[in-house]
Amino acid sequence: MRLMPVTDAMFLWGESREMPMHIGGINLYTLPDDVDETEWLNEQLALLRQSEGLRRPFSEVLKLTPLGQYGPIRLEPDRDIDMHYHVRAAALPKPGRYREMFELASRFHSGLLDRTRPLWEITLISGLPDRQIATFKKVHHALMDGAASIHFYNSMLSADPRERRAASPLSVEAYEAYKRQFPPPKKPPRPNLTDIAAIGDFLKEQWGNSVGVTKALNQYVAAMVGIGGDGLVTPFAGVPRTSFNRNITGARRFVAQSWSLDRVRAMGKAYDGTINDAVLGMCAGAMRKYLQSLNELPDKPLKAMAPVSIRPKGDVDSGNSVASVTANLATDIDDPAARMAAIQASMNAAKVQLRAMTAQQIQLYTAITSFPQMLTALTRTADKFPAYSATISNVPGPREQMYWNGARLDGMYPASIPVDGMAMNITQVSNFRNIDFGITACRRSVPHAQRMIDYLEDALVELEAAAGIKRK
């Protein structure tokens, strides 16, 4: 039995029927020519349904005190886990297009996870053309963030198309084999409280943490009230109310698409920016076009919450290790190059602030600055006091072509969490030569979310043209 950290438990506190707090996504695969599809699917189902030797958090169930989810939350092994409940099979009706696959994923993603069971589900999806199959996985955000989810996927994949694994990807055996690829993360030594010098160093460290966070909070407040902040952009201040800022229902719409990673990288480089800058530029242009189609484009710029990982290299054990920054999407600017410059300026200011803090300081700073947003979520007033316009997240994925027991990985399309006041979430995963976008939206608040796919392409073309990039 282990105690759940408060930063993880926050995702349980904020959950409701309208706001499920799980992440997930579709992985798309192509089977090798020399296997029978039915036999291969049955083999993977049998492998995933092995209940012996499961690793945490897949083996654990919540254990609450009389205070419920607001008291100490413990995770303990589930002695009666029903693997046929957690690992399922689904077949698309003919003709089995991607449209039907995304509609099925939308329905899966809309349902709450059962808190009396371990908080995860995996569905194998067949019925796609050209020997393709898919998986849809969802796991509660209290147990895993996006980076931890990518570690899980990497533990089940191989760069060798001939490799076949006998261990379930949900097992301790597979997890420990994967962890051996990384040097163990360095853990800070515990202070010897019988040593006067050690006590002094410990207190000095805590004082340094408080000073660093206080300085960051002063910057934050100055930026929020408009009297400084060194270019920092903050939530709440000046966020316009649009369709993206409504209170949401529990119904989801999930759509996805891939773009060439080289193409997106080249566009970002043309503006002396990163891939993340390029993605934000695409999303800003797409959201601008979407609101224009509704005659709803505000005079003030939209703002995005951009989660950033603060996970130490080699740390594959942490469930959540993430902070967030605020990006000015500059949707009030018509010129795409000027819009991109404003986006980059806001992100550069946020990066400067984060670099001045340790990971521990960033976690404390994030917890403090996130409290007002949590309060509006719990009171369902986020539509009246929107903190952001949307969440836009970029997660690094595999850097080479990967396979799952011989099946080639073709796409990793993340499904994430819309919340009250932010009815759309756009998450991307870099996957070998592609960057795979997953858009998750409230079906009522963001109708026709599938149009965002076309608008993302339009925005990319617009930014390429403004940078003088000629497409072949």
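**Figure 1. The hairpin of strand 6 and strand 7 holds a glycine with a positive phi.** This hairpin has 5 residues between its strands. Among them, glycine 127 takes a positive phi near 100°. Strand 6 covers residues 120–126, and strand 7 covers residues 132–140. Strands here are DSSP runs (E, at least two residues), and helices are DSSP runs too (H or I, at least four residues), numbered from the N terminus. The model is predicted: local features need pLDDT of at least 70, side-chain atom pairs count only at pLDDT 80 or more, and totals for chains, interfaces and linings use all residues. Residues are numbered from 1 along each chain as its sequence is written, and side-chain values use heavy atoms, with hydrogens and water left out.

**Figure 2. Strand 7 pairs with strand 2 and with strand 6.** Two strands pair if DSSP finds at least two bridges between them. Strand 2 (residues 22–30) runs antiparallel to strand 7, joined by 9 bridges. Strand 6 is also antiparallel to strand 7, over 6 bridges. Look for lysine 137 in strand 7. Glycine 25 has lysine 137 as its bridge partner. Isoleucine 122 has lysine 137 as its bridge partner.

**Figure 3. Strand 7 is largely enclosed by the rest of the structure.** The reason is that 9 of its 9 residues are buried. Buried means under 20% relative accessible area, exposed means over 50%, and partly exposed lies in between (1.4 Å probe, protein chains only). Both faces of strand 7 are covered. One side carries Gln132, Ala134, Phe136, Lys138 and His140. The other carries Ile133, Thr135, Lys137 and Val139.

**Figure 4. A salt bridge joins arginine 88 and glutamate 121.** The N to O distance is 3.4 Å. This pair links distant parts of the chain: arginine 88 sits in strand 5 (residues 87–91) and glutamate 121 in strand 6, 33 residues apart. Arginine 88 is partly exposed, at 28% relative accessibility. Glutamate 121 is buried, at 11%. A salt bridge needs a side-chain nitrogen of Lys or Arg within 4 Å of a carboxyl oxygen of Asp or Glu. The whole structure has 19 salt bridges.

**Figure 5. Glu103, Arg253 and Arg443 form a network of salt bridges.** Glutamate 103 meets arginine 253 at 4.0 Å, N to O. Glutamate 103 lies in helix 4 (residues 98–110), and arginine 253 lies in strand 8 (residues 252–260), 150 residues apart. Glutamate 103 is partly exposed at 37%, whereas arginine 253 is buried at 15%. Arginine 443 also bridges to glutamate 103, with the closest N and O atoms 3.0 Å apart. Arginine 443 is in the loop between strand 15 and helix 12, 340 residues from glutamate 103.
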